[in-house]
Amino acid sequence: MSTRSRAADHDGHHLTVTAADDVPIAIREFGPADAPLTVVFIHGHCLRTESWELLRGYLQPLWGEQAHLVFYDHRGHGNSGAADPATYTIDQLALDLDAVLRAVAPTGPIVLVGHSMGAMTILAYVRLFPETIGARIIGVGLLAGAANSVTRVGLGRLLNGPAVHSLRVAVRRAPRAMQASKHFTRHIFEPIMREATLGTRKVSPRVLAVATAMLNETSLLTMASFLESLMRFDETATLHRLGAIPALVLAGSADIVIPFAHSVVLASQLDDVELVRLDGAGHSVIMERAQEVAGAIAALVDRALVGAASQGERSCGPGPECGPAFAIAG
């Protein structure tokens with residue numbers, strides 16, 4: 001069972017939820033816990049909650065007291081605890097998401113928004129907890145994500161190479177030695193990652209500094225241990241479980257980590273979906289084009305709340321005593 005501690009902070013409320021295997025998961029909350037809607041943001045591989053800060057700057061003033069915003073660090077990332085590398089899988093991240101939801105949003109409607117590996121976490125959660133879709137989960141945002149085949153096109157093809165295989169083996173056998181050598185390997189990987197994650201438009205020095213810092217602060221053990229799960233990821237059979245709940249599929253045209261073609265395929269298999277392409281944006285689209293991404297997420301939330309209210313009215317019946325189930329945020 002998850003446990004929860006809470007401390008007020010000028011930068012939101014910082015909490016720690018203990019996952020089922022006792023790994024501490026660090027959370028930041030903004031807005032009232034009893035707001036009409038909870039929106040949970042799930043970050044990508046080698047990132048942390050700070051990757052959402054620019055986007056939060058647009059959404060928090062828009063929604064005010066009408067939304068409870070939840071951000072958290074995956075195990076092995078940011079301020080969350082390290083764990084057995086065997087647990088560094090997408091399925092485990094979905095179980096951690098369930099622990100977070102049970103602790104900070106035990107009741108009320110929820111919209112899930114995931115970036116990259118966070119979007120994959122949402123799809124795994126849908127498979128593991130299908131009963132929540134349409135009941136608790138009323139909308140999903142899948143940003144720079146994919147349902148499968150991340151190693152077939154784009155930079156993901158490198159994951160099949162011998163160098164990555166050797167890195168994964170070396171990290172498993174000598175994690176301390178490999179982590180100590182990270183200061184050397186980062187000089188090799190940083191230029192590649194900058195080109196991979198940032199698009200064709202000029203990016204502000206602040207965005208570049210934040211992205212680089214998050215990459216540097218993620219342990220090599222965490223970075224390498226998730227690769228196998230990413231390589232094997234395939235949730236195409238899960239997509240039908242999303243049913244007709246509103247979905248947003250968004251990515252940048254210049255994303256070479258998970259090319260936009262993945263988003264096209266993903267959106268084609270969803271019923272109630274808005275597909276958004278941001279020209280010139282790379283894999284770090286949530287930092288590069290925060291204002292445009294925020295607008296798309298706000299539109300998703302409006303669609304989700306309208307859909308949930310309509311469903312509530314249908315369930316309740318036509319009588320005047322049955323009003324909309326939820327207020328529309330914003």
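**Cores**

I began with the largest nonpolar core, which has 53 residues. Ile27, Val40, Leu112 and Ile137 have the most contacts inside it. By nonpolar core I mean buried Ala, Val, Leu, Ile, Met, Phe, Trp, Tyr and Cys residues joined through side-chain atoms within 4.5 Å. Helix α2 gives the largest share of this core, 9 residues. I then looked up a second, separate core; it has 35 residues, including Phe30, Phe41, Trp52 and Leu69.

I noted that this is a predicted model, where local features need pLDDT of at least 70, side-chain atom pairs count only at pLDDT 80 or more, and totals for chains, interfaces and linings use all residues. Residues are numbered from 1 along each chain as its sequence is written, and side-chain values use heavy atoms, with hydrogens and water left out.

Next I listed the neighbours of Ile27, leaving out residues up to four places away in sequence. Among them are His13, Leu15, Val70, Phe71, Val100 and Val104. Contact here means heavy atoms within 4.5 Å.

**Whole chain**

I counted 12 helices and 9 strands in the protein chain. These are DSSP runs numbered from the N terminus: helices are H or I with at least four residues, strands are E with at least two. Of the 330 residues, 54% count as buried. Buried is under 20% relative accessible area, exposed is over 50%, and partly exposed is in between (1.4 Å probe, protein chains only). Of the contacts with a separation of 6 or more, 77% join residues 24 or more positions apart.

**Helices α2 and α3**

I turned to α2 (residues 90-104) and α3 (residues 117-128). Their axes come within 8 Å and cross at roughly 75°. Axes are lines fitted to C-alpha atoms, for helices over the stretch in contact, and angles run from 0 to 180 degrees between N-to-C directions. The two helices are therefore roughly perpendicular to each other; that term covers 65 to 115 degrees. On the α2 side I found Leu93, Leu97 and Leu101 among the residues in contact, and on the α3 side Met117, Met120 and Tyr125 are included.

**Salt bridges**

I counted 11 salt bridges. The rule asks for a side-chain nitrogen of Lys or Arg within 4 Å of a carboxyl oxygen of Asp or Glu.

Arg28 pairs with Glu53 at 3.5 Å, N to O. Arg28 sits in strand β3 and Glu53 in helix α1, 25 residues apart. Arg28 is buried at 7% relative accessibility, while Glu53 is partly exposed at 28%.

Asp96 pairs with Arg75, and their closest N and O atoms are 2.7 Å apart. Asp96 is in α2 and Arg75 is in the loop between β5 and α2, so the bridge ties together parts 21 residues apart in sequence. Both Asp96 and Arg75 are buried. I also saw a network of salt bridges linking Asp21, Arg75 and Asp96.

Arg289 and Glu292 meet at 2.6 Å, N to O. Arg289 is buried at 9%; Glu292 is partly exposed at 40%.

**Positive phi**

Last, I checked two residues other than glycine. Ser116 has a positive phi near 60°. Ser116 lies in the loop between β6 and α3, and is buried at 9%. Ala144 has a positive phi of about 50°. Its place is the loop between β7 and α4, where Ala144 is buried at 1%.

How values were computed: Angles under 35 degrees count as roughly parallel, over 145 as roughly antiparallel, 65 to 115 as roughly perpendicular and the rest as oblique.
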